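Me: Hi! Could you walk me through this structure while I have it open?

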Amino acid sequence: MHIDRKTLRQVFLGVAACIILYWLLHETERVKTVWMFIKNLFSPFVVGAALAFVLNVPMRGIERWFSSVKNKSLRRVVAVLLTFIFIALVLFVVFRLLLPQIIETIENLIERLPVFINGIREQVEKFLSDNPQMMEWLWANTDLENFDWKSLIDQAVSIAGNSVTMILGGVWKTIAGLSTGIFNAVVSLVFAIYCLFRKEILSRQARRIAYSFLPEKVCDISIRILRLTNATFSNFISGQCLEACI
């Protein structure tokens, strides 16, 4: 019996899908470990690609401004540099406007905190003075005179020591997480710059890979959706920037 290539491929894909499904159902913990490894490995590249997609909008406009420059490589370098300078200026202006307001809000909270605490203390004192039976009940049922304050202090010291240990452990975890975040940010930024410099080549390669492994109709629909998404997003960013300038 002759088996054509299409049938053989379908059988292979079906067997592979059954094996993967069996592995997913019976190796849950290992699947989670593998998934976290893959996620941590590829997340900087995904973030870099998303960043390049966003930065491509102003960079494309800057390249149109410098269309008179015949050297395409030089035009691309200038466009990338001006794009990052523009984004840095926008972030600087935003933080310059927001930071004074945040600092002023924090200062107002700090100034009002003693007033708030004193107000609570006055309310408690007023409540106890208006309800002397409450104070009598506390003295009668809590045995404050014979309370073991030394034991309470020892417990507080023990809890404070454990809290310091937990805080130090949290600090180390924070430092490790911060280091990982900085490394991922650097990798994402480098990958975004690479995508911006070679966006035409990467686009052609992705199109070739898609048409090699997927049906032509699926690839056509996907490319049409991606182009529509790119145009819609570019128009949205351009409109928001124009509105912000106005």
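**Salt bridges and a surface patch**

Me: How many salt bridges does the structure hold?
Reply: Three salt bridges. Keep in mind that this is a predicted model.

Me: What does K199 pair with?
Reply: K199 forms a salt bridge with E63, with the closest N and O atoms 3.7 Å apart. K199 is in helix α6 (residues 199–213) and E63 in helix α2, so this pair ties together parts 136 residues apart in sequence. K199 itself is partly exposed, at 21% relative accessibility.

Me: And where is E200, the partner of R76?
Reply: E200 is in helix α6, 124 residues from R76 in helix α3. Their side chains meet at 2.8 Å, N to O. E200 is partly exposed, with a relative accessible area of 30%. Through shared partners, salt bridges join E63, R76, K199 and E200 into one network.

Me: Switching topic: which residues form the nonpolar patch on the surface?
Reply: Among them are F86, L91, F95, L99 and I110, and the whole patch has about 980 Å² of accessible area. L99 lies in helix α3 (residues 72–130) and counts as partly exposed, at 44% relative accessibility.

Key: Residues are numbered from 1 along each chain as its sequence is written. This is a predicted model: local features need pLDDT of at least 70, side-chain atom pairs count only at pLDDT 80 or more; totals for chains, interfaces and linings use all residues. Side-chain values use heavy atoms; hydrogens and water are left out. Patches are made of residues with over 30% relative accessible area and no salt bridge: like charges are joined within 9 Å, nonpolar side chains (Val, Leu, Ile, Met, Phe, Trp, Tyr) within 5 Å. Accessible areas come from the Shrake-Rupley method with a 1.4 Å probe; for residues, only the protein chains shown count as cover. A salt bridge is a side-chain nitrogen of Lys or Arg within 4 Å of a carboxyl oxygen of Asp or Glu. Helices (H or I, at least four residues) and strands (E, at least two) are DSSP runs, numbered from the N terminus. Buried means under 20% relative accessible area, exposed over 50%, partly exposed in between (1.4 Å probe, protein chains only).
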